[in-house]
Amino acid sequence: MKKQHSIGLGAVLLLAAVYFFVFQAVRFNLAATAAAEPAQRPVVVVDAGHGGEDGGATTDEGVLESTINLSIALRLEQVLALCGVQPEMIRTTDTAVYTEGNSIAEKKTSDLKNRVKLVNAVPGAILVSIHQNHFSEGRYHGAQVFYAAAPGSDTLAEGVQTALRTALDPDNNRQIKPGSAIYLLEQITCPGVLVECGFLSNANEAALLQQGTYQTKLACAVTGAVLNYLESEAEHLEV
C-alpha cells in the first residue's frame, strides 16, 4: 500500500502567504523599483539583535535570544531578496559587532554604536531589527513593534504590527510604541523599527519562535509590511 502524503494546514497557509507577498513584490517592483536607478533603490538593513557574548534573553530551556534572532533575520534576508528588495545584514553569524572595549559594558556600547554607524552609512536605508521579549511572568505573549524617531518609522511600525497580528496572532492587541529608550532607534537617521517577535518567557510562544515554519511566517509578514510601506512611499513621491 502506497503511503499517502498530505499537506498540513500550516503549510498551506505558509504557501498562501508566500504567494501573496510575492504578488505584492511584483506590484512594488513594477510601480517603483524598476523605474528607479540602482543607487536610489531602498535597502532594508536587517539587524539580528545581540550576538557573541551577548546572548540576550533566554528560554526556560536556555536557548539564547541571539540564536533565535539570527535564524529569523536570515529567513527575512531570503524572503526580502526573493521579493526583489535588497537586504543588508548587520550580522550573519553568532558574533557581536563591537570593535573596542574590555568589559562587557564597554563591548556592548561599542556594539550598539557600530550598529548605528552601519545603518546610517547605507543610502536609502530602512532598518528592521529583530529581537525577542521577556518578562518575569510567563502569561504574556504577542509581538510588539517599536519605531525610530525618523519620519516614516511609525507608519512602517503600524504596518508591521498589523501584518504580524493578521498572519500569526489575531488575538494580539499590542500597539506600536516609540523607541525613545532604545539607543539604536534613537540614533539612526532613517526609518526603522525594532520587532519584538514574541515572549521567550512564555513557554508556548518560545516553542513557536524556535520552529522554522513559524520563523518563515514571521519573515513573510514583515516583508509584506515593508513592501506595502515602500509602495506607499513611492506613490507619495509620484504625487
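Visitor: How many helices and strands does the protein have?
Guide: This is a predicted model. DSSP runs of at least four residues in H or I give the helices, and E runs of at least two give the strands. The count is 7 helices and 6 strands.

Visitor: Why is strand β3 largely enclosed by the rest of the structure?
Guide: Take residues 125-133, which form β3. Buried means under 20% relative accessible area. One side holds A125, L127, S129, H131 and N133, and the other holds I126, V128, I130 and Q132; both faces are covered. Strand β3 is largely enclosed because the residues that are buried number 9 of the 9.

Visitor: Which residue of β3 stands opposite A48?
Guide: Look at strand β1, residues 43-48. It pairs with β3 in the parallel sense, over 6 bridges. Opposite A48 stands I130.

Visitor: Which residue in β6 is the bridge partner of N133?
Guide: Strand β6 covers residues 192-199. It runs parallel to β3, and 6 bridges join the two. The partner of N133 is F199.

Visitor: What share of the protein's residues count as buried?
Guide: Now take the whole protein. It has 239 residues. The cut-off for buried is under 20% relative accessible area. The buried share is 47%.

Visitor: What share of the accessible surface belongs to carbon and sulfur atoms?
Guide: The accessible surface of the protein comes to about 12,200 Å². The part that belongs to carbon and sulfur atoms is 56%.

Terms used. Residues are numbered from 1 along each chain as its sequence is written. This is a predicted model: local features need pLDDT of at least 70, side-chain atom pairs count only at pLDDT 80 or more; totals for chains, interfaces and linings use all residues. Side-chain values use heavy atoms; hydrogens and water are left out. Buried means under 20% relative accessible area, exposed over 50%, partly exposed in between (1.4 Å probe, protein chains only). Two strands pair if DSSP finds at least two bridges between them. Accessible areas come from the Shrake-Rupley method with a 1.4 Å probe; for residues, only the protein chains shown count as cover.
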